[in-house]
Amino acid sequence: MNGVRIEGVRKAYGALDVLHGIDIDIEDGEFVTLVGPSGCGKSTLLRMIAGLETISDGTINIAGRVVNEVAPKDRDIAMVFQNYALYPHMTVAQNMGFSLKLRGVDALKIKSAVEAAAEILDLSKLLERYPKQLSGGQRQRVAMGRAIVRDPEVFLFDEPLSNLDAKLRVQMRSEIKGLHQRLKTTTIYVTHDQIEAMTMADKIVVMRDGRVEQVGKPLDLYDRPANLFVAGFIGSPSMNFLPATMSAGSVRMADGIALPAGARADAGNAPQQVMYGIRPEHIAVAAEGIPATVSLVEPTGAETVLSFAIGKETLTAVVRDRLSVQPGDQVFLQFQQGAEHLFDAASGARLA
Amino acid sequence: MENRRRDVAVNAVGHAAKAGKTPAFERQRQRFFWLLLAPVLAILAVVTLLPTLYLLVTSFTPLNLANPATAWDFSDPLVNYRTLLTDDRLHNSFWVQAKLSVVTVVLQLLFGLVVALLLNMRTPLMNALRTSFLVPMVLPPIVVAIIWKVLYSPDISPAWWLFQLLGWNVQTPITDASWALTAIIVADTWEWFPFTMIIILAALAMMPEEQREAAEVDGASIWQLTWYITLPYLKGTLLVAGLFRLIDSIKTFPLIYILTDGGPGSVTEVSNYYIFVQSFSFSYIGYSAAVTMVLLAMIVVLSWVIIRAVSGGSNAQE
């Protein structure tokens, strides 16, 4: 089989375990993002796939071959580093052709491979420049060019956009996605930015503390997060969580406010402590519903972010209408039917 | 960082020039800088500039300690400079100096580089050895000279004890005209390669890990990594370390004084040592002052080259 298979992979630094048994299947040609907060082990996992870190236990399989003992140069991978890692004393063309030169490919073939990659990345006019003469976005493209020239089995990206400004990041995001659609090379992309993960990936792997929390398509993760962590991590602004008690037929907050939960509330018989999750974009201000007090109004242009107090809890809503509300106003909130998520308060796991 | 700050300063001046005159706050800032520099400049003037000026004045006199009155004899101010143009022993000393400097600098760079690359592998053995490599440099130069004097003296040298055991009949190099300079070169290289080594080690420690990893993923073997990535990265550092050693090599004295006394004949007599002989063996203070001025001029030129190289080097790193 092609693609990448990660089975029971562990990483320990002495007594410190940083990855506790990771299993991920990556199909040939798939674009997978590893996403999670700093320190979750996503970069370590990527570096293990690259061969820059040893594997303490488990196996990594690239294109049908276990690579645990294979040197990085023989794994048929190309990696784009966070700081680009361009060779400062080489021109753009030399940077891009370096891996071919090391393999003893003849100069003419290198030249045409570099020119072809430069064409794809719009770097043709910059081939004779040195990295220090390039802007951040151009350096990023050269780093990608260096990877493309190799025509590897797998592309590895380690937070490649985190050093770019916001506008360029959005642009490069589309370029990388477009590039993947053209080349269809298996890609593993590490980021801490869930928007990057959502927009680019065929499949997202959400990680925390060295464990995989959930694997799935971007919208599946958004629609049915497996637990509180994924629910809070995917989506911006984050999902609202209201501690509540579920007993036959209803979900109520501590101060007695009933939360709409439809048929799901019938699930348990005995009263159960739950976290009631509702995304900001699924809340509307209406003539009747849950009483709330406006505490903050943040217009962003297309939409407005509103913060409310309901009982002792705070709640964020995103609305597209331009409401004339002020902090301190009393309003009523309607939750979109069926948009609620229920999680077990103790384990954080999704209910129903 | 440094450059950026300089750019800002240049920009500030540029804007001021456009405006027609330096703004008051900028002048105030400049005054403050001078104020902070003043103590250092004052000390430098007293301990460096004044003696140099005195030396310059003396170089225009035929001062001879046997005749103190000559200290103020300016009747023929250029006599010393005319003499040094035709002084074959001086010219020979420049040639000896050139040979010693070029060969020791090259060897020190080579050894320093190789040892630094080995130490940079950070194996436990290398970590343990790291400090011991610094020993030659931190020993007082006179001690280093005495160590080598012992090593080169057949009666007491452990090396000759070994040679004898092997049945070899080896002459000591320090009294052999064709080997004396080589003996000095060996000792000097041993004493000073730790200097280039430590500078190169520092540069290696600063080398971005990602570049090395990128090359590894690109398919470089350890040799290719060193040749294509590490050495080009170290180019500026090697240049600077080499130039520093070059300047320092002109000051070589204890090794020559202890090991060979400039001999046999004058095969190891470098300019520095020749000046010492002229002033303290022959008491020709005026003449040696003139030679010193010439040597000083050469060092100033070299220093200028270094400063250019250092600032150019840091630009290249960006």
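Tutor: Helices (H or I, at least four residues) are DSSP runs, numbered from the N terminus. This is a predicted model, in which local features need pLDDT of at least 70, side-chain atom pairs count only at pLDDT 80 or more, and totals for chains, interfaces and linings use all residues. Residues are numbered from 1 along each chain as its sequence is written, and chains are lettered from A in the order in which they are written.

Student: Where does α11(B) bend?

Tutor: A bend is the angle between axes fitted to the seven residues ending at a residue and the seven starting there. In α11(B) the bend is about 45°, at Lys235(B).

Student: Which residues of α11(B) are buried?

Tutor: Buried means that 20 or more other C-beta atoms, placed from the backbone, lie within 10 Å of the residue's own. Among them are Tyr228(B), Leu234(B), Thr237(B) and Ala241(B). The buried residues of α11(B) pack against α4, α9 and α10 of chain B.

Student: With which residues is Ile200(B) in contact?

Tutor: Contact requires C-beta atoms, placed from the backbone, within 7 Å. Leaving aside neighbours within four places in sequence, the partners of Ile200(B) include Leu234(B), Thr237(B) and Ala241(B).

Student: How many residues of chain B are in contact with chain A?

Tutor: 14 residues of chain B, which meet 17 of chain A. α10(B) gives the most to that side of chain B, with 7 residues.

How values were computed
Two residues are in contact if their C-beta atoms, placed from the backbone, lie within 7 Å. Helices (H or I, at least four residues) and strands (E, at least two) are DSSP runs, numbered from the N terminus. A residue is buried if 20 or more other C-beta atoms lie within 10 Å of its own, exposed if 12 or fewer, and partly exposed in between; C-beta atoms are placed from the backbone.
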